[in-house]
Amino acid sequence: MSVNKDIFEPDRSFNYDLQTENRTFIEWHEADRVPDKLVDTHCAFCGVQCGMYLKVADGHVIGVEPRDYPHNLGSLCPKGVVAYQQVEHPDRLRYPMMRRNGRSSPLERVSWDEALDHVTSRWRAIQAEHGNDAVAVYSGSSMTNEKCYLAGKFARVGLRTRHVDYNGRLCMSSSAAAYAAAFGIDRAPLPMPDIELSDCIVVDGTNVAECFPIVMQWIWRARDRGARLIVIDPRETPIARTADIWLAVRPGYDIAIVNAMLRHVIHTGRTDDAYIAERTAGWDAVREAVEPYTPEMAERVAGIPAERLLAAAELYARAKAPLILHGKGIEHSTHGVDNCQALINLALARGMVGKPGAGTMMLTGQGNGQGGREVGQKAAQLPGYRHIDVPEDREYIAGVWGIPEAELPGEGAAATEMVHLMASGEIKSCMIMCSNLMVSLPDNAVVQRALEQLEPLVVIDFFMSQTAELADVVLPGTVWCEDEGTTTNLEGRVIRIKSAAAPPGEARTDWEIMCAIADRMGRGAFFPFRTAREIFDELRVASKGGHADYYGITWEKIDAQQGVFWPCPTLDHPGTPRLFTERFAHPDGRARMRPIAHQPPAEEPSEDYPFRLTSGRVVYHYLSGNQTRRIGFLFEQAPEPWVEIHPRAAEPLGIHDQDRVRVRTPRGSMELKALVVPTVRPDTIFIPFHYSHEQSVNQLTNPAVEPGVKIPEYKVCAAAVERLDVAPATGGAAVENLTAENRPAMFPYTVGETKAAAKPQRSAS
Ligand code: SF4
């Protein structure tokens with residue numbers, strides 16, 4: 001892929017006026033500066049983690065070159081080629097800030113000593129009065145493994161609280177739980193190049209072309225070799241447009257389709273009976289459970305034509321190496337774990353899991369979503385995928401950390417539950433790292449009320465965010481390429497992130513901040529780290545013998561092998577790209593099948609709310625958009641959200657393309673532009689989720705969660721749409737709380753100004 005020849009000059013490229021918040025983007029050409037080195041690292045904007053070189057001149061990151069790595073083959077997507085522009089972005093947080101006189105006072109610059117002294121004195125007082133668990137840590141998965149590992153240890157050893165969880169709870173917890181239950185290990189069983197070996201690819205609930213553009217090249221390669229493509233999605237996404245068969249499922253009803261496909265496999269004699277007998281358990285109950293799922297029943301439940309379903313089932317049943325790729329579309333559900341298990345049942349019945357190019361593969365969205373969930377920052381988990389309730393696991397980790405086992409706290413609240421504990425006063429203070437939960441949690445009016453109860457709310461981030469706006473203390477952290485470390489991509493490949501620049505101003509790496517706080521809490525002896533590598537070496541030992549065993553992985557081995565797949569139990573072990581070739585990770589070596597029945601979503605349409613609202617990504621933005629909306633090129637492509645509505649649904653409502661409309665759900669309403677398109681089911685509307693404040697779709701989404709893993713049902717709730725005949729209202733609770741002092745620098749328009757007027761203008765000069 002050719003490289004963007006524009007470069008970003010931090011001190012000249014933005015004419016940034018804090019009074020008017022007008023921005024002028026000025027283009028500079030690469031000829032202005034010549035890099036003096038290339039730093040080999042990876043893009044941090046999604047779970048693919050493409051290899052890239054950062055171009056560095058005089059210590060400044062000035063551009064990017066693609067890097068040939070086994071899974072991205074020298075390609076980068078539109079986000080990857082401009083990711084470097086956030087490094088020296090003028091909005092970067094450069095020094096600690098604090099509200100000196102309570103919530104109504106502005107955030108003002110303070111020294112690190114003042115900020116950390118305030119935080120730790122408050123935490124000591126809170127814990128003395130209310131117990132250790134009154135302070136919580138809410139972490140993120142867009143950080144290196146070293147930082148994620150340290151977040152779990154920091155909470156449990158530094159603060160001695162049981163309440164630590166992370167934002168991966170909101171994306172991958174359904175598939176993680178399903179894979180762990182079925183296979184004994186939560187990891188994609190295959191490396192990405194295996195996709196090319198499949199002769200029939202089923203894509204369920206993932207908009208691959210926009211969410212994982214670089215994965216598409218492996219799908220194209222398989223297509224070039226003759227592979228068939230089936231897409232299950234309520235929207236005709238770019239990949240659905242190229243499919244042999246698109247099944248436009250009613251949101252939330254994928255199980256009916258998958259069970260009907262399995263029934264067809266059984267009725268046409270395409271099960272692998274020897275594989276089922278030797279390598280699985282639970283088949284009889286599954287076979288019986290899918291029998292009622294005739295094509296006609298699937299048509300009634302899932303809203304897709306029976307003959308189209310049969311055609312898809314036949315393609316899958318006769319394929320030699322069928323592969324199922326799945327993502328958030330089925331995971332963001334109150335039955336997300338069941339959705340994944342239904343797909344696993346289908347693949348196991350055909351005997352495909354553990355074979356090259358076949359089986360199932362989850363597509364992890366967040367940058368280090370895979371590693372972040374393995375290294376011990378989940379509420380119930382210890383490093384190496386050990387469980388916090390298992391005595392021998394507790395004993396081992398307590399030994400590594402040098403504390404008595406009895407001092408290791410038990411399971412804490414899941415991320416989605418923490419909000420309720422904050423609202424009830426059980427959690428009195430929280431440190432949030434690298435997470436923007438005001439945008440990413442559902443029903444965010446409730447989230448705001450919960451965060452406002454905290455004192456102090458401490459946020460570590462590198463940009464202001466809608467969450468940081470509410471903080472009492474904001475501590476400046478680092479972007480991915482200002483530190484050394486490792487991440488684990490969606491294949492389970494552990495890779496190296498290398499430092500290309502120093503942190504700006506007084507910013508510090510997140511792990512240094514945690515060590516400094518632990519020291520002030522009197523726990524510094526447990527956090528003696530001077531480098532990220534020292535943390536990785538402790539993580540290796542902590543993971544040793546666990547499912548996610550990193551012990552044999554060294555930074556040198558990663559460099560020499562272009563990544564190392566865990567498990568890698570010894571220093572002379574090469575790593576494990578393909579899992580389950582001989583046996584599954586349960587003690588008896590068998591995969592678990594489980595009968596799955598379809599269930600309705602938690603909230604169905606009604607007379608007042610006749611549509612199903614679903615939300616998702618666009619190619620130009622990452623997660624809450626707090627990073628990508630600051631990069632001019634990406635912002636300009638998708639500066640504001642929209643709602644997609646089918647022409648047959650729009651017509652009786654008098655809605656035309658580009659009209660302003662109001663979308664309402666039982667939790668709130670928002671106003672936005674309508675896109676009248678035939679690429680969405682007529683009973684469904686779609687809004688992208690990368691926007692904040694009154695543009696956030698999570699004002700509307702349902703906070704109902706999957707009962708086991710507590711993942712919210714982002715992908716479907718009941719909604720109404722109406723045309724706005726008057727100028728759109730401005731404001732909203734979060735916006736009204738902004739003042740001239742605390743308004744975040746990135747907020748793309750002033751309060752009361754229309755979004756159209758606020759669009760950044762490109763300068764000709
Ligand atoms: Fe970055 Fe993901 Fe795009 Fe690769 S596919 S360049 S990792 S955002």
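Modeller: To sort residues by class, Ala, Val, Leu, Ile, Met, Phe, Trp, Tyr, Cys and Pro are counted as nonpolar, Asp, Glu, Lys and Arg as charged, and the others, with Gly among them, as polar. Please bear in mind that this is a predicted model. On that basis, the shell around the ligand consists of eight nonpolar residues, two polar ones and one charged one. Its members are Cys43, Phe45, Cys46, Gln49, Cys50, Leu76, Cys77, Lys79, Gly80, Pro213 and Ile214.

I turn next to an open sheet of five strands, which has the order 13-12-11-15-16 and parallel pairing. At its edges stand strand 13 (245-247) and strand 16 (359-362); each has a single partner strand, so one side of each is left without a neighbour in the sheet. On average, and with direction ignored, neighbouring strands here are turned by 15 degrees against each other. Helix 3 (residues 173-183) packs on this sheet, where it touches strand 15 and strand 16, and its direction makes about 145 degrees with that of strand 16.

Five of its five residues are buried, so strand 11 is largely enclosed by the rest of the structure. The cover extends to both faces: Cys200, Val202 and Asp204 are buried on one side, and Ile201 and Val203 on the other. Five bridges connect strand 11 with strand 12 (residues 228-232), and the two run parallel; valine 203 has valine 231 of strand 12 as its bridge partner. Strand 11 is likewise joined by five bridges to strand 15 (residues 322-326), again in parallel, and cysteine 200 stands opposite proline 322 of strand 15.

Helix 5 (residues 216-224) also belongs to this picture, with Met216, Gln217, Trp218, Ile219 and Ala222 buried. These buried residues pack against strand 11, strand 12 and strand 15, as well as against helix 4 (208-211) and helix 6 (238-241). Just after helix 5, glycine 226 adopts a positive phi of about 105 degrees.

A second open sheet contains three strands in the order 22-23-24, with antiparallel pairing. Strand 22 (485-488) and strand 24 (564-565) are its edge strands, each pairing on one side only. Four bridges link strand 22 to strand 23 (residues 493-497), the two running antiparallel, and threonine 487 has isoleucine 495 of strand 23 as its bridge partner. Helix 2 (residues 145-158) packs on this sheet and touches strand 22 and strand 23; the direction of helix 2 makes about 90 degrees with that of strand 22.

There remains the buried side chain. Arginine 612 lies in strand 26 (residues 611-616). Is arginine 612 buried or exposed? A residue counts as buried under 20% relative accessible area; arginine 612 has 9% and is therefore buried. Its side chain makes a polar contact, at 3.4 Å, with the side chain of glutamate 604. Apart from neighbours within four places in sequence, arginine 612 is in contact with Arg250, Pro251, Tyr253, Glu604, Pro605, Asp683, Thr684, Ile685, Val716 and Cys717.

Conventions. Residues numbered from 1 in each chain as written. Predicted model: local features only at pLDDT ≥ 70, side-chain atom pairs only at ≥ 80, totals over all residues. Heavy atoms only, no water. Near = heavy atom within 4 Å. Buried < 20%, exposed > 50% of the residue type's maximum accessible area, 1.4 Å probe, protein only. Polar contact = N/O pair within 3.5 Å; in protein donor to acceptor, adjacent residues only side chain to side chain. Contact = heavy atoms within 4.5 Å. Pairing = 2+ DSSP bridges. Axes fitted to C-alpha atoms, helices over the stretch in contact; angles between N-to-C directions.
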